[in-house]
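Here is a short report for a reader meeting this structure for the first time. Please look over the sequence and the model before reading on.

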Amino acid sequence: MSATVVERNKEARKRIVSDKAAKISVKDLNLYYGEKQALYSIELDIQEKEVTALIGPSGCGKSTFLRTLNRMNDLIDGVKISGDIVIDNENIYKSNDVIKLRTKVGMVFQKPNLFPMSIYDNVAYGPRMQGIKSKKELNRIVEESLRGAAIWDEVKDRLKTSALGLSGGQQQRVCIARAIAMKPEIILMDEPTSALDPISTLKVEELIAQMKKDYTIVIVTHNMQQAARVSDKTAFFLSGEVIEYDETNTIFSMPKDQRTEDYVTGRFG
Ligand SMILES: Nc1ncnc2c1ncn2[C@@H]1O[C@H](COP(=O)(O)OP(=O)(O)OP(=O)(O)O)[C@@H](O)[C@H]1O
Ligand SMILES: [Mg+2]
């Protein structure tokens, strides 16, 4: 790693000027799959109750980076990580409480991954695992979470039927409800609409816009319009580095780096 890359990354990070303290602060983060380095000296401050979009061509490290935020890479053999990720003043790689971390930092995946059980049981699954037994309390959490995910009206009369009988777009919103039911503070979304039709995509985007009142959201997307519509900040990744990180408006209208401009205008990737 040349000194210039480190300096440049630090410079990029400083450009995000905000009076708010960072919810997530990433410092000099490097990640290797065996011998192969996938992330290079990432420096990124993510603000509370904002939507941060991660964009960049296939294979540039977006999903890898997203997974470092709730230590999902710990599940992959041969992964080595150096550097710091601090969430609410706690270095998540120095603490051993991964369960607590994954409760605080929820995740929604590219394809809806509901369990083959009822809609109700899917949403109640996490709270039950946390030891909540009261039926009244579970009913409340299920309703509140489904409302929070803008899917309550569509499913309230079929809560006890299989979740797999829902459309893809409905299933993805139930996945979001399942994440909300754990009362997370941060929600990571890896291309949450790439398997959805345009109408379901718009519904999920509207939902994300509403959700940022309550949650800090980090979203990976290949859809430039989506990044522009839903996010406050955007980070452009290329070959495992953050090339540019700024207000979304700036990234799309006045990027500072030629490579960012080429990417957001569709000239490559
Ligand atoms: N489990 C793994 N083992 C080894 N290498 C991996 C693993 N997962 C990802 N990689 C490699 O790390 C690099 C970054 O992959 P990653 O999945 O983070 O990219 P991405 O930006 O999410 O791409 P896409 O847009 O296609 O989803 C790629 O070169 C990929 O091949
Ligand atoms: Mg990916």
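## The model

This is a predicted model. Keep that in mind throughout.

## Around ligand 1

Which residues come nearest to ligand 1? Of the 15 residues around the ligand, the nearest are S58, G59, K62, T64 and H222.

A polar side-chain atom of S58 is 2.5 Å from an oxygen atom of ligand 1. For T64, a polar side-chain atom also lies 2.5 Å from a ligand oxygen. In K36, an N or O atom of the side chain sits 2.9 Å from an oxygen atom of ligand 1. On its own, ligand 1 has 630 Å² of accessible area, and the protein covers 64% of that.

## Elements that build the shell

Two elements, β2 (36–47) and α2 (62–68), each give at least two residues to the shell around ligand 1. Which of the elements supplies the largest share? That is α2, with four residues.

## The four-stranded sheet

Strand β2 also belongs to an open sheet of four strands. The order is β2-β1-β4-β5, and the pairing is antiparallel. Strands β2 and β5 (90–91) stand at the edges with a single partner strand each, so one side of each has no neighbour in the sheet.

Strand β1 spans residues 22–33 and is joined to β2 by eight bridges. The two strands run antiparallel. One bridge pairs I24 with I46 in β2.

## A parallel pair

Strand β6 covers residues 105–108, and strand β7 covers residues 186–190. They pair in the parallel sense, over four bridges. Within this pair, V105 stands opposite I186 of β7.

Are the faces of β6 covered or uncovered? Both faces are covered. V105 and M107 are buried on one side, and G106 and V108 are buried on the other.

## Helix α4

Helix α4 runs over residues 119–129. Its buried residues are I119, Y120, N122, V123, A124, G126 and P127. What covers them? The cover includes three helices: α5 (135–148), α6 (152–155) and α7 (168–180).

Just after α4 comes G131, which takes a positive phi of about 100 degrees.

Key:
Residues numbered from 1 in each chain as written. Chains lettered and ligands numbered in written order. Predicted model: local features only at pLDDT ≥ 70, side-chain atom pairs only at ≥ 80, totals over all residues. Heavy atoms only, no water. Near = heavy atom within 4 Å. Polar contact = N/O pair within 3.5 Å; in protein donor to acceptor, adjacent residues only side chain to side chain. Areas by Shrake-Rupley, 256 points an atom, 1.4 Å probe, with all protein chains shown as cover. Pairing = 2+ DSSP bridges. Buried < 20%, exposed > 50% of the residue type's maximum accessible area, 1.4 Å probe, protein only. Contact = heavy atoms within 4.5 Å.
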